[in-house]
Amino acid sequence: QVQLAESGGGLVQAGGSLRLSCVVSGRIVSIGAMGWYRQAPGKQREMVAIITSGGSTNYTDSVKARFTISRDNTKNTVFLQMNSLKPEDTAVYYCNALLLVPSGLRTSYWGRGTQVTVSS
């Protein structure tokens, strides 16, 4: 079974930092784009940052210059370094990855999410 496991969430004061990690495990052939999304209470899930297999990145405007997405292809891991956190960053953060599995299917997989809470 393919699994995406996030870690690194928690409670932090405004202005603080957190680093999220997401490890992909299971039978996979390759990993394409990977990304982080978040969902705050009462709001829709939104894209935070995406990184392609080649390393190109894209961020939602509200996190530019504060968050950095990176990946370690040797460890099937994607990271999200979050600096200068604000209370409005409070949400459940989900990892997403486009995976090619042995059956030949290319499918989007999601992790279960990790809670990030920023206190004012």
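Me: Which residues does Gly35 touch, not counting residues up to four places away in sequence?

Reply: A contact here means heavy atoms within 4.5 Å. By that criterion Gly35 touches Ala49, Ile50, Ile69, Tyr94, Cys95 and Asn96. Please keep in mind that this is a predicted model, in which local features need pLDDT of at least 70 and side-chain atom pairs count only at pLDDT 80 or more, while totals for chains, interfaces and linings use all residues. Residues are numbered from 1 along each chain as its sequence is written, and side-chain values use heavy atoms, with hydrogens and water left out.

Me: Where does Gly35 lie, and is Gly35 buried or exposed?

Reply: Helices (H or I, at least four residues) and strands (E, at least two) are DSSP runs, numbered from the N terminus, and Gly35 belongs to strand 4, which covers residues 30-39. For accessibility, buried means under 20% relative accessible area, exposed means over 50%, and partly exposed is in between, with a 1.4 Å probe and protein chains only. Gly35 has a relative accessible area of 1% and is therefore buried. The C-alpha atom of Gly35 is separated by 7.7 Å from that of Met47, a residue 12 places apart from Gly35 along the chain.

Me: How many salt bridges does a search of the whole structure find?

Reply: Side chains of opposite charge can pair when their charged atoms come close. A salt bridge is counted when a side-chain nitrogen of Lys or Arg is within 4 Å of a carboxyl oxygen of Asp or Glu, and the search finds four.

Me: Which residue forms a salt bridge with Arg38?

Reply: The partner is Asp89, with the closest N and O atoms 3.0 Å apart. This pair links distant parts of the chain, 51 residues apart, since Asp89 is in the loop between strand 8 (77-82) and strand 9 (91-100) and Arg38 is in strand 4. Asp89 is buried at 1% relative accessible area, and Arg38 also counts as buried, at 6%.

Me: What is the distance between the closest N and O atoms of Asp89 and Arg66?

Reply: In the salt bridge between Asp89 and Arg66 these atoms are 2.8 Å apart. Arg66 lies in the loop between strand 6 (57-59) and strand 7 (67-72), so its pairing with Asp89 ties together parts that are 23 residues apart in sequence. Arg66 is buried, with a relative accessible area of 10%, and salt bridges with shared partners join Arg38, Glu46, Arg66 and Asp89 into one network.

Me: Which residue forms a salt bridge with Lys64?

Reply: Lys64 pairs with Asp61, the closest N and O atoms being 3.0 Å apart. Lys64 is partly exposed at 45% relative accessible area, whereas Asp61, at 61%, counts as exposed.
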